[in-house]
Amino acid sequence: MNRYMIRRLTLLMLSAILASSAVFFLLRLLPGDAALTLSGMEATLEEIEATRRQLGTDKPILVQYFHWIWNMLQGDFGISYLNKLPVATEIKRRLAVTLPLSLSAFVLATLISFPLGILAAVRRKSLVGIVVSAGSSIGVAIPVFWVGIILIWIFALVIPIFPAGGFPFEGWSEPWEAIKSLVLPVITIAIFMSSILIRYVRSAILDVLGQDYLRTACSLGYSARMARWRHGIRNAAVPLVAIMSFELSTSLLGAVVIENVYAIPGLGDMLLAGVINRDLPVVQDIVFIITLFVLIIGFFAELAQQIIDPRLRIIPIRSRSAAGLMVEDKLSQKTHPDPGRSKS
Amino acid sequence: MKKAVFQILVFSIAVSFFTFVQTTFAADGYDPDATIKIGSMTPPVSLNNVGGAGQGITEAFYRNVYEPLMVLEDDGTISYGLASSYEVSKDRLEYTFKVRKGITFHDGSPVTMEDVKFSFDRMLTEESKAARKSDLKKVVDNVVIVDDNTIKVKLKRRSQSMIYFITYIEIHKKSAKDIESTAIGTGPYKLSDYKPETSIILVRNDNYWGEAPKNKMVIIKYYKNNSAQANALRSGQIDIIVNVDSPEQILDFKGDSRFTITEGKSTVKQVLAFNDKREPFTDVRVRQAISSAINKEAVRKATWDKYGLLIGSFVPPSDPWYEDLSQINSYDQARARRLLAEAGLPDGFNFELITPATEAHQLSAQAVKNDLAKIGVNVSIKVIDPSAWYTIVFKNRDYDATLQEHVNDRDLIWYGNPNFYWGYDNKFVQQWVIDAEVADTEEDQIAVYKNIARTIAIEAASSWLYLYPQLRLSSATVTGYPVNAKNSAFYMGNIKKM
């Protein structure tokens with residue numbers, strides 16, 4: 001297990017570095033330069049070059065790259081080209097807004113989408129199922145910022161319950177105010193996220209409902225509901241965990257549209273500003289951190305999958321093929337040995 | 001008994017006096033300890049005005065947190081700031097300023113002449129990206145401390161605009177640290193909190209040497225989205241929107257007595273800049289033709305509805321040498337066709353118009369394209385993001401023509417720089433730019449600049465489509481904010497909230 005962990009962690013770090021390296025090189029292909037943003041119209045070309053020397057953007061790309069990696073490994077995330085303040089401080093401040101926003105939206109979306117998805121699958125032929133299914137399609141199709149604007153209109157302007165946007169300067173030291181400003185954004189994101197999840201849950205449950213082993217479980221004395229619960233949902237859960245980890249990862253930066261509509265100082269907003277201003281340290285550092293988050297979430301998702309499905313509790317390569325054997329019949333294991341197991 | 005009567009009399013007089021004062025006060029009605037909340041879409045790029053150019057820092061800090069020796073007002077006039085008087089030597093190469101006594105910085109330390117000298121020097125270092133640095137460098141030779149409250153600025157050559165340039169030099173504390181995240185100035189407000197790209201909080205400086213501000217605290221919130229900003233105004237989260245950048249935003253608020261819309265003069269000029277070094281724009285006739293073919297009134301209307309102003313040259317109304325030159329190269333398509341034919345392009349030609357991706361530019365670009373199509377000139381509009389504009393146009397000069405907004409006042413001199421991005425190279429204008437500065441009197445200076453403005457207009461060095469309006473939106477309970485905008489300065493000391 002130890003070697004496994006070390007290998008996973010090394011892979012994780014390498015992936016994070018690779019992803020941000022890709023961003024590093026891609027960014028420098030874009031036209032535009034922070035030195036130009038700083039210099040303004042009055043600057044002569046020589047002065048612009050001088051600024052580039054100050055920022056270090058005149059050095060060869062590989063030199064800049066190794067400089068950045070070297071500093072990162074020592075924990076120095078650099079300073080913004082524009083406001084000359086440490087990037088790490090600002091990222092922390094923004095994470096304190098984006099993490100609760102994304103996590104709450106994720107939790108809410110999960111709480112909504114599982115029951116509704118199961119309902120849509122199990123009652124698919126009745127009106128309830130059809131309504132839920134249609135509703136989720138509409139939820140996916142409607143632009144999320146429009147939903148945000150409508151919610152602001154109704155719940156902040158017409159009926160002034162929540163603020164129309166913004167996040168209190170005092171931050172979380174005024175917890176009630178902070179929560180109030182996040183309610184509408186969380187609901188907006190959750191509506192979109194659960195529309196997607198409902199469809200996946202529904203389809204995963206449908207897959208499982210048709211399986212022989214459920215019929216067998218009933219013949220062994222389980223009630224339909226118990227069978228679904230013990231065998232149905234557990235089998236359906238494994239790919240759903242993967243989908244959910246994906247949704248959570250994308251929501252960290254994906255919240256940028258909502259941050260814009262609600263004027264919330266989040267991480268996506270900082271990244272957007274960094275890209276527009278060509279503030280390379282900001283962009284690189286955020287991408288690196290987000291990549292780390294995504295990989296860590298993925299790691300925990302795999303762990304969760306292995307807990308849910310004992311067949312997956314094997315070393316890396318084999319767990320891939322086992323996960324692919326989702327439709328394998330529990331009963332048939334006794335007569336057809338698991339190809340994975342026999343190779344141990 | 002008599003004593004009691006007397007006391008009662010005095011008491012009732014006192015009471016009525018206080019009631020009288022209260023009523024007068026209530027009639028004027030504002031709360032001197034109010035918090036004003038401002039919405040803006042131009043956050044400062046940096047708190048250090050020498051570290052990065054930009055409107056955001058001027059808007060938040062000029063005259064609010066930092067003050068210069070001489071102050072540029074919104075109407076273009078210049079008044080005394082930290083200086084109480086100044087003298088100009090006979091040869092006009094020495095300006096001696098007397099600085100007011102007893103002024104302290106926000107941290108309580110006194111303003112010394114070392115600080116004043118430092119404030120000049122920091123603008124002129126090699127790393128400085130301060131506004132007007134190039135002008136100051138050409139003119140200022142040295143700054144000398146005369147005594148505890150006198151400073152002398154020695155010039156390399158005479159400069160009619162010297163006092164105007166002085167208004168750009170904010171007085172900073174020499175030993176101030178952390179200038180990226182803190183601000184030690186002398187102004188009526190102190191910086192209380194700064195969250196990059198998000199908000200700035202200013203609080204009243206109760207030890208301010210001058211007239212106290214009429215409010216206690218100002219919170220500037222930065223938005224990236226027009227409707228989020230508008231919603232904030234509507235729900236009372238902000239009191240003022242500093243800059244309305246399209247007429248659609250006002251539609252919602254028109255006729256609503258809870259809100260006020262003000263229109264003032266800005267210094268922002270919408271320029272259709274030809275690459276004067278690239279064919280066919282090297283030919284004056286072609287430029288004149290294009291300029292005459294555009295119905296500038298219609299372009300202005302398409303972009304700004306009933307707001308904004310036509311200008312005929314690169315001069316906003318607040319510049320001393322402003323005159324209305326909109327009749328030069330005015331809308332005349334027949335003339336345009338004639339000129340094109342003379343220039344050897346009777347069937348028109350094609351060019352690419354680089355357009356930064358803001359709403360005003362895109363609307364104007366479309367209107368221009370429609371007008372030019374009528375004389376056989378085909379415009380392909382290429383929309384790019386503003387930071388790419390800097391590389392493609394400003395640095396690489398790889399363009400035919402472009403739209404751009406120029407924000408500053410008194411920037412006519414850029415037509416005297418043949419290396420500026422539009423590449424206009426007229427030796428006379430270059431000479432006049434120098435002549436204007438060393439002119440003997442202000443009247444002479446104005447006459448020379450007017451000449452420059454007329455020349456570049458006649459030669460259609462560029463085509464100036466319109467002057468942006470300065471539109472501000474506020475809640476009706478808030479008054480006293482500047483109506484005009486001079487280089488994005490926004491003085492907050494007179495803002496009153498009921």
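**View 1. Chain B as a whole, with its 14 helices and 18 strands.** What you see here is a predicted model. Along the principal axes, the C-alpha atoms of chain B fill a box of roughly 105 × 55 × 40 Å. How does the radius of gyration of chain B sit beside that of a compact globule? A compact globule of 498 residues would come out near 23 Å, and the 26 Å of chain B agrees with this. Buried residues account for 47% of the 498 residues in chain B. Contacts reach well along the sequence too: of those in chain B between residues at least 6 apart, 72% link residues at least 24 apart.

**View 2. The open sheet of 10 strands in chain B.** Follow the strands across in the order β8-β9-β10-β1-β11-β16-β12-β15-β13-β14, and you will find mixed pairing. The edges belong to β8 and β14 (378-384) of chain B; each has a single partner strand, so one side of each lacks a neighbour in the sheet.

**View 3. A parallel pair, β13 and β14 of chain B.** Strand β13 (residues 350-356) of chain B runs parallel to β14(B), and seven bridges join the two. To get your bearings, look for Thr355(B), whose bridge partner in β14(B) is Val383(B).

**View 4. Two helices lying across strands of chain B.** Take α6(B) to begin with: this helix lies across β1 (35-40), β11 (240-241) and β16 (462-475) of chain B, at about 160° to β1(B). Then turn to α12(B), which lies across β13, β14 and β15 (401-406) of chain B and runs at about 135° to β13(B).

**View 5. Where chain B touches chain A.** Chain B brings 38 residues to this contact and chain A brings 41. On the chain B side, the elements giving two or more residues are α4 (133-139), β8 (189-195), β9 (199-204), α6 (226-234) and α12 (386-395). Which element supplies the largest share of the chain B side? That is α12(B), with seven residues. By class, the chain B side holds 12 nonpolar, 14 polar and 12 charged residues.

**View 6. The two domains of chain A.** The domain assignment places domain 1 of chain A at 32-76 and domain 2 at 87-317. Their centres, taken over C-alpha atoms, are 38 Å apart. Each domain of chain A gives six residues to the contact between them. On the domain 1 side, α2 (34-39) and α4 (61-73) of chain A each supply at least two residues. That side of domain 1 of chain A has three nonpolar, two polar and one charged residues.

Definitions and conventions
Residues numbered from 1 in each chain as written. Chains lettered and ligands numbered in written order. Predicted model: local features only at pLDDT ≥ 70, side-chain atom pairs only at ≥ 80, totals over all residues. Domains from an automatic or database assignment. Contact = placed C-beta atoms within 7 Å. Helix = DSSP H or I, 4+ residues; strand = E, 2+ residues; numbered from the N terminus. Nonpolar A, V, L, I, M, F, W, Y, C, P; charged D, E, K, R; others polar. Rg over C-alpha atoms; globule rule 2.2 N^0.38 Å. Buried ≥ 20, exposed ≤ 12 C-beta atoms within 10 Å, placed from the backbone. Pairing = 2+ DSSP bridges. Axes fitted to C-alpha atoms, helices over the stretch in contact; angles between N-to-C directions.
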